[in-house]
Amino acid sequence: MGVMENAKVQTKGAVKAPKKARPDVKALLPLGAILDGDCIEAMRSLPDNSIDCVFADPPYNLQLGGDLNRPDGSEVDAVNDHWDQFESFRAYDEFTRAWLTEARRVLKPDGALWVIGSYHNIYRVGAILQDLGFWILNDIVWRKTNPMPNFKGTRFTNAHETLIWASMGEKARYHFNYRAMKTLNDELQMRSDWVLPICSGGERLKENGKKAHPTQKPESLLYRVLLATTETGDVVLDPFFGTGTTGAVAKRLGREWIGCEREDFYRGVAMKRIEKELPLDESALKTMQSKKAAPRVAFGALVENGLIPPGTQVFDKKRRWIATVRADGSLEYEGKTGSIHGLGKDLQDAPSCNGWTFWHYENGGEVKPVDAARQLFLLANED
């Protein structure tokens, strides 16, 4: 049974939807490949009803007028690439309708569509996808912990982007791993506002000392999207592949991927990146099935951001129990599973457990409580 099998739901009531394997269609797909050229033409080469999830980070059509400079006169590295430029809103809408039409054709009846955008484009995209028959399940606000400031001081700082999660129709079945999301969020229901840092530091890909891509998305964002709405072995299509964040995270989580990218440079960067990515082993990929300090940080945030990655072994101070961290932030010990707090409580047969201080891990040969990773996360994301 796949890791998402417990949470296949329908918008009108929680109706389970058994998933039917279609190896005949899957065998026809160019899995693990980046398709060259225009994404609309590239998608036309894919069979109908063959894709489990489409994640799209399309051009935002930012309509930037001239250079943007900091107060000290230095130039801001903003998005001024030709692929983000459209001669009119009408041209952008026609482009959007065309690629969404192809996305709808290739998605399975229980497939998921994710689109990310800013205020420049997301409302236009949302209206068009509704016109095409998609049904919006959530709009997710990605609140950036470290956004670029508004250097001119003429508007509020743009500190968030919006993701639309949609099914194929009002009554279409879709996949949602509710339990894994709750575990990832320290046993609290995952909300529709996600606080995550932008892509920076070692994760930011560079070529010749410059950003490889101006709008590279953080892996933690794709990690949450794929863990929430896909299963191991599912096929994820990214029509605007860029430097391959979707492919890298999909490979790590045991999902198949296909990308579309017309820029030779981005394709080269993406393939180098994905080739280095190692998939998690099967035990780490398993997620929770159905069954507090301030500022609050979920253990899942440390897993998403790679501070304590899936597959890490954690243990109590006396090493009586050695558990494995799984993809959704749950722990597994000899068939028993739970959150860092719940499993610690059960193993000790205690009324409660502070998992932050109970569980430890090794980092560079040094044994530390998992709370040390939480403090690093807080330090890195201070306002």
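A salt bridge is a side-chain nitrogen of Lys or Arg within 4 Å of a carboxyl oxygen of Asp or Glu. The model is predicted, so local features need pLDDT of at least 70 and side-chain atom pairs count only at pLDDT 80 or more, while totals for chains, interfaces and linings use all residues. Residues are numbered from 1 along each chain as its sequence is written, and side-chain values use heavy atoms, with hydrogens and water left out.

A search of the whole structure finds 23 salt bridges. The table lists three of these pairs.

| Pair | N to O distance |
|---|---|
| Lys345 and Asp346 | 3.1 Å |
| Arg124 and Asp93 | 2.8 Å |
| Asp264 and Arg267 | 2.1 Å |

Arg124 in helix α4 (residues 122–131) and Asp93 in helix α3 (residues 89–106) are 31 residues apart, and their pair links distant parts of the chain. Helices are DSSP runs of H or I with at least four residues, numbered from the N terminus. Asp264 and Arg267 both belong to helix α8 (residues 264–276), 3 residues apart, about one turn of the helix.

For accessibility, buried means under 20% relative accessible area, exposed over 50%, and partly exposed in between (1.4 Å probe, protein chains only). Asp264 is exposed at 54%, whereas Arg267 is buried at 15%. Lys345 is partly exposed at 27%, and Asp346 is partly exposed at 44%. Salt bridges with shared partners also join Glu41, Arg44, Asp48, Glu102 and Arg105 into one network.

Thr183 lies in helix α5 (residues 178–184) and is buried, with a relative accessible area of 2%.

Notes:
Helices (H or I, at least four residues) and strands (E, at least two) are DSSP runs, numbered from the N terminus.
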